[in-house]
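Hello,

Here is the structure we talked about handing over. Please open it and keep it beside this message while you read.

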Amino acid sequence: KPLPNTTMEKSDDKISQSETAAASVAVDATTTNEQNTTTKEDDPPLSKKALKRRKRWEKALEIKKRRKEQSKEIRRIKAQNEGRDLDAEREQQKQNEKEGKGWERREKLWRERCSKGNIDESFRVCFDCNFEDQMTWKEVNSLSLQLRYAYAMNRKSPMPLHVHVTGVKSGCDTRKHLEKIDGFPDRWAGRAYHVHEGSLEDVFGSALSNVVTSKDEDDKQEGDGAAKSDGKEEGTDKDDSQQSQPKLRPNHQLVYLTGDSENTLSTLDNNTTYIIGGIVDRNRLKRAAIERAEAIGSNNSTLPIKTARLPLDEHFDFKGSTRVLTCNHVFEILLKYRENGYKDWGGAVMSVLPDRKDIHEKEEKKDEPKTDEEGKS
């Protein structure tokens, strides 16, 4: 009798097993696709409002992309007209970055602006970020963007200021947003933009108390002619992030800027720190800034603090527009007023506020001669 063909039977079994496995895989894939299709079909359709929002977002992205391309084209045409070689400039820029020449050039320009603008003899600005618990995550994100705008404005200004941001505690949402920025906080401190974890009371309370002590020591040293000076300007050195508090002069004052104050600024005093409340509330937190200032004054007898508001109503007709300004707008107005020689509130405000505010300078203020000589104390 012939032997049974066991080899053929085994091979047939293997083929049937592989076919079964392939079929099961195909079934599983089909089932998965059906489940995904079912899930997508089960998703609720977007509402008309959501569709409009998505279309606006897509349109904004297209406009942003188109403007970026147009900006590149404008720079290219401008370079061609000037006879410049953009490729060679890019190669030179890369070479400078490797050798560190770009940083040296920027550092030199920064020191020249600080020296020309007499940064250590000017007034200071402080952002009081003590309102994070009262704001939503979206509002905190907007605040961090405004702080970045203020940093950029101060860094590019021909007359920069010492800026202090207090209450940015480790682990808070504001700090988490800022830590995503390259160079924060060390490079910021090197550009006179100091971020403190301590509160406004802690930072300036200790700074004001040290002013009295240092003044007494200087008075003793003046008799011997041995007053110490390291020749360094605060905020102009790379290692300035190690400094924990501002260097204030004797009789230094604190003024909290708020629209609810009864006092109006006529000019800016160079021995004063002007405090801007770090609030983004969509006009929701009424009188939060002035209540904060009053609480600091009542709870700290050694920390005298005044309140004041910008002279907006005295110079402008807002019509139906809101008088609530963003933190970076208030800072830029102070910066522009100093650049204008402490004389032109109208020019400072009009150069900062966007056109959508639709404000107009009052005629009597336009014709009024600018004789204010304050701001040089």
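Below are notes on the aromatic pairs and on one lysine.

Please bear in mind that this is a predicted model.

Aromatic pairs first. The structure holds nine of them. One is formed by Tyr151 and Tyr193, with ring centres 5.4 Å apart. Their planes stand at 75°, over the 60 degrees required, so this pair counts as edge-to-face. Tyr151 belongs to helix α5 (residues 137-156), while Tyr193 belongs to strand β3 (residues 193-195). The pair therefore ties together parts that are 42 residues apart in sequence. Are these two tyrosines buried or exposed? Tyr151 has 10% relative accessibility, so it counts as buried. Tyr193 is buried too, with a relative accessible area of 0%.

Tyr337 and Tyr342 make another edge-to-face pair. Here the distance is 6.0 Å centre to centre, with 85° between the planes. Both Tyr337 and Tyr342 are buried. They also belong to one aromatic cluster, together with Phe123, Tyr274 and Trp345.

Now the lysine. Where does Lys362 lie? Lys362 sits in the loop between β8 (360-361) and α13 (363-367). Its relative accessibility is 27%, so Lys362 counts as partly exposed. Setting aside neighbours within four places in sequence, Lys362 is in contact with Asp313, Glu314, His315, Phe316 and Asp317. Gly346 is 16 residues from Lys362 along the chain, and their C-alpha atoms are separated by 9.2 Å.

Best wishes

How values were computed. Residues are numbered from 1 along each chain as its sequence is written. This is a predicted model: local features need pLDDT of at least 70, side-chain atom pairs count only at pLDDT 80 or more; totals for chains, interfaces and linings use all residues. Side-chain values use heavy atoms; hydrogens and water are left out. Helices (H or I, at least four residues) and strands (E, at least two) are DSSP runs, numbered from the N terminus. Buried means under 20% relative accessible area, exposed over 50%, partly exposed in between (1.4 Å probe, protein chains only). Contact means heavy atoms within 4.5 Å. Rings of Phe, Tyr and Trp (its six-membered ring) pair if their centres lie within 6.5 Å; planes under 30 degrees apart count as stacked, over 60 as edge-to-face and the rest as tilted.
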